[in-house]
Every structure is written in structure tokens, then in C-alpha cells.
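Here is a walk through one protein model. Keep the sequence and the structure side by side as you read.

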Amino acid sequence: MIRSLVSSAVAGLLGYTATRAILTSKLRTHERVVRTNHAGHDVSLVEGPAVTAGLVAGSLLIEAPRQRAATLLVTTVAGGLGAVDDFLESGGSKGLRGHLSALAHGQITTGGIKVIGIPLASIAAATILRTGRSSHGLFSSRATTAGQTWLGSTVDVVVTGGVIAGTANLFNLLDLRPGRALKAGLLTLAFMPHKHGLTWAPSAAIAGSSAAAWPDDLDGAAMLGDTGANALGAALGTIVAENSTATQRRLLLSGLVGLTLLSEKVSFTSIIESTPGLREIDAFGRETV
């Protein structure tokens with residue numbers, strides 16, 4: 001218990017410190033990281049690399065070796081491929097449908113690379129997690145039993161990878177207004193069940209990185225971009241996937257797929273702004289809208 005508390009505290013501190021160090025560096029105003037946001041104001045994309053660095057630094061304190069390896073793998077890949085899409089963007093395809101359409105026509109875009117790369121990294125992370133499952137799971141033991149078939153194991157890995165990749169994509173879809181993705185991440189952490197040795201350190205890394213980015217993000221001075229949103233979603237998705245049963249993961253994946261398909265038809269912003277409760281949470285603390 002004491003060891004978990006100390007590891008979690010250090011993870012949060014590392015996440016906060018690494019994020020602030022990059023967020024306040026000279027890189028913040030470099031011409032390659034400055035964009036125009038939805039309100040027509042200049043905004044820095046340095047928050048994405050900053051939060052990714054914070055998440056990676058904090059994740060080094062995760063106690064379970066396999067969970068640590070899986071988290072570092074998928075967070076780094078998601079953030080790295082997000083950075084490729086942010087800073088080396090090629091092609092005019094937008095959204096999942098656009099990226100898949102481009103790939104179907106033989107066009108390799110930065111978004112298309114991300115659509116392929118993040119799910120592959122997520123499945124690799126899910127494979128690592130599966131080899132380390134034991135009775136420490138919060139809801140039930142997830143250890144492989146003698147009677148479990150190869151097909152069942154494969155499906156579970158794919159579903160777990162889908163939860164991780166789907167969460168990374170969902171947070172990218174949410175990063176359209178100041179503070180929205182950070183709030184979604186912190187609220188998820190606040191309402192999920194926790195257990196020391198499983199969720200404390202990775203959650204502290206996310207909380208520390210988010211706290212460091214919070215003032216600039218809410219002010220509209222910086223934004224996560226694909227880099228930070230994908231990394232944040234992947235890190236959170238890994239916690240959720242490791243902290244749930246097989247049935248819960250299937251339900252989560254169904255919900256994530258549904259939300260992704262819905263995003264191709266309607267605007268999440270319009271839904272949020274027209275829904276009491278969600279509208280107020282979304283606007284809380286925001287200086288610019």
C-alpha cells in the first residue's frame with residue numbers, strides 16, 4: 001500500500017513536471033506548432049508533445065512490468081503517430097471515413113498511417129497485458145484457464161486492443177474545444193473504480209499531466225492536437241481495458257464503435273451544447289468559446 005502511494009505520487013509529479021517543462025519551453029512559439037483554432041485565434045500544438053512526454057514519464061512508475069510495458073508502448077506510438085499527423089500532415093482526407101477511403105484508393109496519408117498504426121500498437125499492448133493477467137484484477141480474475149480456447153484468447157486480445165485504440169480515437173474526436181478532452185479524461189478517472197497496484201500510478205500520471213496542461217488548454221492558448229489526444233486516450237484506454245472483465249470490454253468496444261460511427265454523421269459539439277448538464281461541464285473554466 002505505502003509503495004503504491006509513493007509510486008503514484010512520484011508518477012503524478014513526473015507527469016506534471018515533464019508536461020510543464022515542454023509546455024513552457026521556447027518550442028511553444030515555434031512557427032511549426034502554431035495553428036488557428038475554431039475561434040480564429042493562434043493556438044500552440046506544443047501541448048500535445050508536452051502531455052505525451054508527461055504520460056510517458058509518469059508511466060515509468062507503473063508497478064506491474066507488463067502493464068508498464070503495454071502503457072509505454074501504446075502511449076508512445078499513439079502520441080508519435082499523432083505527431084506525424086499534426087506536423088507532417090499529407091492529403092486532404094478527414095475523419096475515419098476519409099482516411100479509409102484514401103487507403104482504399106491506394107493513397108497513403110499521415111491520417112491513414114495513424115488509422116493503421118494505433119490499432120496495431122493497441123493489439124500488441126493487449127497481447128502484453130494478457131500474458132500478465134492474474135488474480136489482481138479488480139472485478140474478477142483474468143488469468144487464462146485450461147478450458148479457454150485459442151479462439152477465445154484471440155478474440156479477447158482483439159477486443160482489448162479495440163478498447164485501447166477506440167479510446168484513443170474518441171479523445172481525438174473530443175479535442176475540438178478548450179479543455180474538453182482533459183475534462184473527459186479526469187471525469188473518467190474520478191468515476192472508475194480503483195485498486196492500488198493496478199490503476200493508481202497510471203491514473204496519477206494522467207492526472208498530473210492533465211493538471212499541468214489545464215490552464216493553457218482552458219484559456220485556448222494551447223491544445224492537445226492529435227499528438228496529445230491520441231496519447232491521452234491510449235493511456236486511459238489501457239487502464240480501462242486492464243481494469244475490466246471480458247464482458248465489460250465487449251460492451252465498451254461496442255459503445256466506442258457506436259460513438260465513432262455517430263461522429264461521422266453528427267457533431268459532438270452540437271450534441272454537447274444542446275444537452276443540459278453536458279453543456280455546463282463543457283463550458284466550465286473556459287475563457288474563450
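Start with a glutamine, Gln67. Setting aside neighbours within four places in sequence, Gln67 is in contact with Ile62, Leu129, Gly197, Leu198, Pro202 and Glu242. The model is predicted. Gln67 sits in helix H3. Its relative accessible area is 4%. Buried means under 20%, so Gln67 counts as buried.

The largest nonpolar core has 34 residues. Leu55, Ile206, Leu224 and Leu232 have the most contacts inside it. Several helices each supply at least two residues of this core: H2 (47–59), H3 (65–87), H5 (110–131), H6 (150–174), H7 (180–191), H8 (200–218) and H9 (225–242). H9 gives the largest share, nine residues.

Residues up to four places away in sequence are not counted here.

Finish at the surface. Met1, Ile2, Leu5, Val6, Val10 and Leu14 form a nonpolar patch there. Together they have about 540 Å² of accessible area. Take Val10 from this patch. Val10 lies in helix H1, residues 2–23. Is Val10 buried, partly exposed or exposed? Its relative accessibility is 34%, so Val10 counts as partly exposed.

Definitions and conventions
Residues are numbered from 1 along each chain as its sequence is written. This is a predicted model: local features need pLDDT of at least 70, side-chain atom pairs count only at pLDDT 80 or more; totals for chains, interfaces and linings use all residues. Side-chain values use heavy atoms; hydrogens and water are left out. Patches are made of residues with over 30% relative accessible area and no salt bridge: like charges are joined within 9 Å, nonpolar side chains (Val, Leu, Ile, Met, Phe, Trp, Tyr) within 5 Å. Accessible areas come from the Shrake-Rupley method with a 1.4 Å probe; for residues, only the protein chains shown count as cover. A salt bridge is a side-chain nitrogen of Lys or Arg within 4 Å of a carboxyl oxygen of Asp or Glu. Helices (H or I, at least four residues) and strands (E, at least two) are DSSP runs, numbered from the N terminus. Buried means under 20% relative accessible area, exposed over 50%, partly exposed in between (1.4 Å probe, protein chains only). A nonpolar core is a set of buried Ala, Val, Leu, Ile, Met, Phe, Trp, Tyr and Cys residues joined through side-chain atoms within 4.5 Å. Contact means heavy atoms within 4.5 Å.
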